[in-house]
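Have the selection tool ready, and follow the stops in order.

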Amino acid sequence: MIKVEHLSKKFGNLTVLKDVSAEIAKGEVISIIGPSGTGKSTFLRCLNLLDQPSGGKIEIDGANLLDPATNVPKLRRKMGMVFQSFNLFAHLSILDNLTLGPIKLLGSLRSEAESKALELLKLVGLAEKVDSFPDELSGGQKQRVAIARCLAMDPEIILFDEPTSALDPTMISEVLAVMRRLTKEGLTMLVVTHEMDFARDVSNRVFYMDEGIIYEQGTPEQIFEQPQREKTRAFIHRIRSVYLRIESPDFDLYAINAEIEQFCEKQILTKKTRQRLLLLVEELLSIYRPRLATTPLELTLGYAEKTGHLELTLESPGDAPYPLDSAMLPDDLGLTIITNLAESIDYHTDTSANRLSLRLVED
Amino acid sequence: MKNLCQLLVACLLFATGSSVAQQETPPRLQDLDGKRIAVLTGSSGDFAARKHFPGAQFVDMTTTPDAALAVDMGKVDAFVFDKSVMIGLVAKNPQFHIVEPPIASLDVAVAMSKDNAALQAEIDGVLAALKQEGELQRLYAKWVASAYTTTPEMPGYINAGQSGVLRMGTNALNEPYAFHTHGTLLGLDIELAYLIGQRLDKRIEIMDYNFEALIPALQSKKIDFALASINVTEERKKLIRYSMPYLSNDISALVRVTRPAAVTKSGGVSAWLRGVADSFHSNIILEGRYLLIWAGLKTTVTISVFSTLFGTLLGGVICFMNMSKRRLLNLPARTYIAVLRGTPVLVLLMLIFYVVFASINIDPVLVAIIAFAMNFGAYTAEIFRTGIQGIDKGQMEAAIALGFPRLSAFRHIILPQTINRILPVFKGEFLSLVKMTSIVGYIAVQDLTKASDIIRSRTFDAFFPLVMVAILYFLISWLLLQSLEYLERVTDPKYGRKAGRS
């Protein structure tokens, strides 16, 4: 039904989509997830040419969307779109919002269009708002009307561009409920969303987008239970991280501690965890100090919201022997502290870089 | 702006009107050097006075009534102009006095464009014959020397010459040469013009210009000749061609000898009301002056309404061009807006009339509509742009995503929201247009303001005609505004519901 090949999109010098290829069959429900600014919305907007792609090919039902001879407005009529900011026509009543398209574009009779609009409003639970105006509705109600407006055109495909992002938590569920219902109607749906539970429950397939491409895709089970690639995993487990670069043996320990404390505060970690973490970092840095004269050190702190794991990674360029080897150290005190504080310690080295990973003990 | 100033002067006059009368000795001619002297810009009195009173401070004015009012109010000490005009003024207003002797004596002649030697020969022939027959002397005795108190009759000339048309320009605020009574033009210059037409077997078409617009009108061939008691001066000879003189005219100084200006004497409300009733009679009823006001009113409304309509359409086109991404379209639009908004509409009006349509005999009302529409278009183009850009981008996106072609999305979604949004600003712009039309007198259109000028030139009553015109402008604006307010109500999206549709 939708076939995308090597789609790319640039805004000036900024490349938002690098190379996106995908094939979507009729009736599929696809959730598109990923961090902000990775091109999810742009991908969706390219599909109905709200944004003009810079390169690649898009086919809808066999019709080439980028061929100048294609009647794009006509093609858009079977492809509804639901926006983050609803975009209901502010000067029209709810009823007119639903009937304008069918009357002007599909040539429906007013009476037909109105009775159909009423039915759709019943479907989304807003029949009593038929004579209201958009500014009299709550966000969730507006979005349900926007969905009904799409349905009034009898589309085969609906593109949802972050439909719940602008809503209060209390209103999200009413919109999701309507969307869940639509998945049973056999419509082809593409949903850009941050609602992971929704993505997991209703989609046939999940696209994880990052770095301007579809970074990983699969069934909800594959993406949510066994993500294959690192960035996907970080995203799924909601890993928050802080990154520090240390370039001299005379580093500012107070500044480093302050950054770590700030990170702990943001993730709402316990005081005990924070003290352990600070101690661990201080001991590690004192062991690494002799090396810092020649090689810089990158320190990454990652916290996985889902599992509660705190991971510390120290990476520096070049091959190097295991730093925690007791034979190499002046005394065992630091080493004892570190091994007590770390639940697991991993070391990996090759010619390009060496990396020490530790996981902090939990209570 | 000019109207506002005049109104202020009038109110001032009204307020000071109740002080006690007091006789003063009239000044001698030599006393006037070093004083403030009013002149009409470009008139013969202007040149003569500057030569005669090198130490005086000159105040430039545009109409005889304004200058006389300035003398009356003590804003200036004297007004230097044609003595023959002042004779009539003094006859009606005893507080004025003409200082003897005259400061200069100048020939008065018919003016023509530089390259029209044939017409000069014809007119010279007629004037020589009229002089021989004593007709010129008769006209002078009838209109000037008599210092009449009841206006003389115009003989019934049949203006139906067979061998073509002569277009004549005059300035009809200039009794006894050319002025309005009972809705018709009369005076020495007018009678002379008909005599010339009769002798040459040509039909005379008379157009009423501001005095300073007569020479441009001749140069751009809007008129064939000008008869407006034009004095022969060396400077003007460079620009225009003169016939032989038909009169010799004295230039004198007019001063005030009594105060006050006499609108009301102290005498309470009833006296004041009587004064207003008298003013009403002399300014509106007498000589059928309401006809002038009615005609002026219609002209003002016509110009306002049509320039608003065309200006709005033009503004739409310019706005569309301006918002286009193509440089070929948006650059001319941007230039147009910048130039039209940055220059006075008066200049545009004069340029269109005297330059663009110089050799075309076009109705000046149409020129006024074109000029004001062009000006209004530049402003509305920007009003439209603000309105359109103020609408959330999502509205257009939603319409396009539904499958509307761009133009149709604009018509059904953007335009209805724009109209309701811009109407408040549009109304303000419209009101200022209505008042701006008061400058059309420059291109010989008799609008409401010009009508009041004509009445003032006859009655020398400053207060009443101005306040009356202000009230009429207010009423026109208010009435026309009602139609826009109706539009504002029906374009309110919730109008139908408020009116109880559902």
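The tour below goes through a predicted model, stop by stop.

**The sheet in chain A**

Begin with the open sheet of six strands in chain A, whose order is β6-β7-β8-β3-β9-β10. The pairing in this sheet is mixed. Strands of a sheet pair through backbone hydrogen bonds, and they can do so in a parallel or an antiparallel way. Now colour the two edge strands, β6 (79-82) and β10 (213-218) of chain A; each of them pairs on one side only. On average, neighbouring strands of this sheet are turned by 20° against each other, direction ignored.

Next, select residues 29-33 and 188-192 of chain A, which are strands β3 and β8. This pair is parallel and is joined over four bridges. Show the residues Ser31(A) and Val191(A): Ser31(A) stands opposite Val191(A), which is in β8(A).

**Two loops with positive phi**

Most residues other than glycine have a negative phi. Select Asn87(A), in the loop between β6 and α3 (94-105) of chain A. Its phi is near 55°, a positive value. Is Asn87(A) buried or exposed? Asn87(A) counts as buried because its relative accessibility is 2%, and the cut-off for buried is under 20%.

Move on to Glu162(A), in the loop between β7 and α6 of chain A. Glu162(A) is not a glycine, yet its phi is positive, at about 45°. With 13% relative accessibility, Glu162(A) also counts as buried.

**A lysine in helix α9**

Go to Lys231(A), in helix α9 (residues 230-236) of chain A. At 35% relative accessibility, Lys231(A) counts as partly exposed. Which residues does Lys231(A) contact, leaving aside neighbours within four places in sequence? They are Tyr208(A), Asp210(A), Glu211(A) and Tyr215(A). Then pick the C-alpha atoms of Lys231(A) and Pro35(A): the two residues are 196 residues apart along the chain, and these atoms are separated by 9.8 Å.

**Two cis bonds in chain B**

Finish in chain B. Most peptide bonds are trans. The bond from Glu100(B) to Pro101(B) is cis, with omega near -10°. Pro101(B) lies in strand β5 (residues 96-113) of chain B. Another cis peptide bond joins Glu175(B) and Pro176(B), with omega about 5°. For Pro176(B), look in the loop between β6 (165-170) and β7 (179-181) of chain B.

Notes. Residues numbered from 1 in each chain as written. Chains lettered and ligands numbered in written order. Predicted model: local features only at pLDDT ≥ 70, side-chain atom pairs only at ≥ 80, totals over all residues. Heavy atoms only, no water. Pairing = 2+ DSSP bridges. Axes fitted to C-alpha atoms, helices over the stretch in contact; angles between N-to-C directions. Buried < 20%, exposed > 50% of the residue type's maximum accessible area, 1.4 Å probe, protein only. Contact = heavy atoms within 4.5 Å.
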